[in-house]
Amino acid sequence: MNRNDFILPVSMIKVQEKKLLNEDRLIKMLETNSFKEILRILNDTDYSYSIATTMQDDEYEKIINGELERVFKFTREISKNNQEIVDLAALKYEYQNLKLLLKDKGNVLDVYNISTGIIDKEELMNNFNEVKKYKDFKEACIKLDKMYFKHLLKLANSTNISLFIDYAKISIDRYNIVTFLRLKKQNRNVDYLDDILIDGGSISKEELIKVYFNNTYLLLFKKKIATKTWDTFEKNGDILEIEKIFDNMIISLAKEYKYITIGPEPIFTYIIAKEYELKALRLILSAKLNDIDIELVKSRLRGVYV
């Protein structure tokens, strides 16, 4: 990639970054009196188009998906011949689409089917054709997960750009460690773990299997990922807190590249910023619609880019 090709695209990204919802604004939405009031606030932002197509309150996923698709369309337009920048973020949605295709036997519900605008679908379709032979849906999904991370890491490595490679490794670590902890809670056999774990993260598959067997995993996790959350997890076993660690690691990674003015990184970090904004917004909208305690929601909110 020629970094000079990104001078104009980065300037366009910086304009869009100014429109991101900061934490104060998200909290303000959470503390409003009604779901409708949140929609009124969003109607003065780029979410207005998606809101206009939403008829019912419980269709808020259409707002989320509509905004995500708008972001993918915009970033693909400015990436031009460097579509792999967007593909890195789009792949997880494409593999999720494949899972839905498996589940619904070809009749995918549009509200859940994210259109990312990905052009090169050869590997995606080859992988889908392989897993659709599985009779067990759960087994097919596990296989698709492994295919996704292999695909992601290969694409990231092909760019030779640190941000993209680090993103892929953190994503693999998140999957491996969260899966590890869930299987540990279920007292699953170590052989089952061997079938599910992914190679390519900062902690090798062999290391994970070893500490699973001898029950020294917390020592390893504390060493590799320094955070006081492990002490809390040791007491309450809340895996959601561990997922939050990795979400915040992705945001922190994106922030490291926030002030780059020439190069492909700002396009990718903008997509990440929007993803986490949308995650926060989904949590807030769902909480308001279902009358969930505000303080509980605040504790579940991830970091945001701005």
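Predicted model: local features only at pLDDT ≥ 70, side-chain atom pairs only at ≥ 80, totals over all residues.
**Entry 1: the largest pocket**

For the terms, I worked with a 1 Å grid over the protein atoms alone, on which a cavity is a set of points where a 1.4 Å probe fits but cannot get out, while a pocket is an open set with protein on both sides within 12 Å along at least five of seven lines; a lining residue has an atom within 4 Å of a point. Grid points are joined across faces, edges and corners, and a volume is the space filled by probe spheres set on the points.

I found 47 residues lining the largest pocket, and those nearest its centre are Lys92, Gln96, Arg174, Glu243 and Lys279. The lining divides into 27 nonpolar, five polar and 15 charged residues, where Ala, Val, Leu, Ile, Met, Phe, Trp, Tyr, Cys and Pro count as nonpolar, Asp, Glu, Lys and Arg as charged, and the others, Gly among them, as polar.

I then asked which helix gives the most to this lining. The answer is helix 9, with nine residues; the helices that each supply at least two residues include helix 5 (60-79), helix 9 (162-185) and helix 15 (265-289). Helices here are DSSP runs (H or I, at least four residues), as strands are (E, at least two), numbered from the N terminus.

**Entry 2: the cavities**

I counted two cavities of 30 Å³ or more. The largest cavity holds about 50 Å³ of space, and its lining includes Gln16, Asp46, Glu67, Arg70, Tyr270 and Lys274. Helix 5 and helix 15 each supply at least two of its lining residues, with the largest share, three residues, coming from helix 15. By type I noted three nonpolar, two polar and six charged residues in this lining.

The second largest cavity has a volume of about 30 Å³ and is lined by Glu23, Leu26, Ala280, Leu301, Arg302 and Val304, which divide into four nonpolar, no polar and two charged.

**Entry 3: aromatic pairs and charges over rings**

My search of the whole structure gave 14 aromatic pairs, a pair being rings of Phe, Tyr or Trp (its six-membered ring) with centres within 6.5 Å, called stacked if the planes are under 30 degrees apart, edge-to-face if over 60 and tilted for the rest. Tyr167 and Phe268 form an edge-to-face pair, at 4.9 Å centre to centre and 80° between the planes. This pair links distant parts of the chain, since Tyr167 lies in helix 9 and Phe268 in helix 15, 101 residues apart. Tyr167 is buried at a relative accessible area of 5%, and Phe268 is buried at 1%; buried means under 20% relative accessible area, exposed over 50%, and partly exposed in between (1.4 Å probe, protein chains only).

Trp230 and Phe233 are also edge-to-face, because their ring centres are 6.0 Å apart and their planes stand at 90°. They are three residues apart in helix 13 (residues 229-236), which means that about one helical turn separates them. Trp230 is buried at 0%, and Phe233 is buried at 8%. I found both in one aromatic cluster, together with Phe180, Tyr212, Tyr217 and Phe221.

I next looked for charges over rings, which require NZ of Lys or CZ of Arg within 6 Å of the ring centre and within 35 degrees of the ring normal. The charged end of Lys184 sits over the ring of Tyr212, 4.3 Å from its centre, and that of Arg188 sits over the ring of Tyr192, 3.9 Å from its centre.

**Entry 4: helix 12**

Which residues of helix 12 (residues 217-224) are buried? I found Tyr217, Leu218, Leu220 and Phe221. They lie on the same side of helix 12, because they cover an arc of only 160° around the axis, the arc being that of the directions from the helix axis to the C-beta atoms. The face turned away from this buried side carries the exposed residues Leu219 and Lys223.

Notes:
Residues numbered from 1 in each chain as written. Heavy atoms only, no water.
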